[in-house]
Amino acid sequence: MKVCIALTKGRIEKQFLDYFQSLSYCIEPIVNKGRKLRVETDEFSFVFAKGVDVATYVEHGIADLGIVGDDILMEFQPDVFDLLPLPFGNCRFALAGEKKEAVSGKKRVIATKYPNVTTAYFRQKGEAVDIVKLEGSVELAPLLGLADAIVDIVETGSTLKENGLVVLEWMQPITARCIANRSSLKIKREQITPILDSLQIKEAAR
Ligand code: PRP
């Protein structure tokens with residue numbers, strides 16, 4: 001049975017495939033995959049999903065390995081092996097808002113896709129806040145008056161800048177990670193070990 005690798009669609013997928021190709025793995029069938037969500041190469045079976053779903057497929061053993069951002073692991077804490085960091089997907093959680101945040105003395109409202117990370121951050125600061133969960137484009141929330149600030153990931157900073165927001169406080173750094181299903185690591189050890197070795201060797205050589 002081929003090793004099944006679940007990739008987070010979007011930026012992480014592109015960066016992983018470039019990296020994987022640089023390790024001399026063939027990704028030819030994936031390059032023109034169009035809207036397909038499952039692609040077979042000679043060696044691997046690839047599936048493409050949203051980050052949290054990558055973690056779910058790995059947790060359930062549908063995928064043996066998964067490539068996800070640390071943000072997903074921190075927020076959802078899936079029951080998987082977190083094997084190693086990868087040399088891409090570097091960004092940071094941040095609290096962001098408009099430059100002159102109104103100081104009203106009232107509890108701040110924070111919009112985010114990451115309520116657990118946000119709760120932990122403000123608990124540790126000792127500040128009580130109200131959290132509004134959004135599914136994306138959270139930068140809109142302060143602009144439209146839904147929230148005073150947001151907690152989100154910042155990579156280039158362009159999204160904040162183009163929407164007139166600034167970083168108020170930097171939070172944890174994030175990178176892409178390789179995760180594995182706990183049973184797959186035992187059952188497919190012979191197939192998985194060389195993949196992890198090559199990912200690690202390149203990482204160590206940086
Ligand atoms: C992420 C994040 C920010 C943006 C940051 O969103 O939530 O909106 O990227 O990147 P930047 O600092 O390089 O501009 P994503 O593109 O995943 O879309 P979403 O907000 O709709 O989830």
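The chain is divided into domain 1 (3-89 + 175-205) and domain 2 (91-174), with bounds that come from an automatic or database domain assignment. The structure is a predicted model, in which local features need pLDDT of at least 70 and side-chain atom pairs count only at pLDDT 80 or more, while totals for chains, interfaces and linings use all residues. Residues are numbered from 1 along each chain as its sequence is written, and side-chain values use heavy atoms, with hydrogens and water left out.

Taken over C-alpha atoms, the centres of domain 1 and domain 2 are separated by 29 Å. Contact (heavy atoms within 4.5 Å) involves eight residues of domain 1 and twelve residues of domain 2. The buried area, that is, the accessible area (1.4 Å probe) that two parts lose on being put together, summed over both, is about 910 Å² between the two domains, and carbon and sulfur atoms give 49% of this area. On the side of domain 1, the most area is lost by D71, M74 and E75, which together account for 60% of what that side buries.

One salt bridge is counted between domain 1 and domain 2, the term denoting a side-chain nitrogen of Lys or Arg within 4 Å of a carboxyl oxygen of Asp or Glu. A salt bridge joins the side chains of R11 and E155, at 2.5 Å from N to O. Helices (DSSP runs of H or I, at least four residues) contribute to the side of domain 1 that touches domain 2: α1 (11-22) and α4 (70-76) each supply at least two residues. Of that side, α4 gives the most, with four residues.
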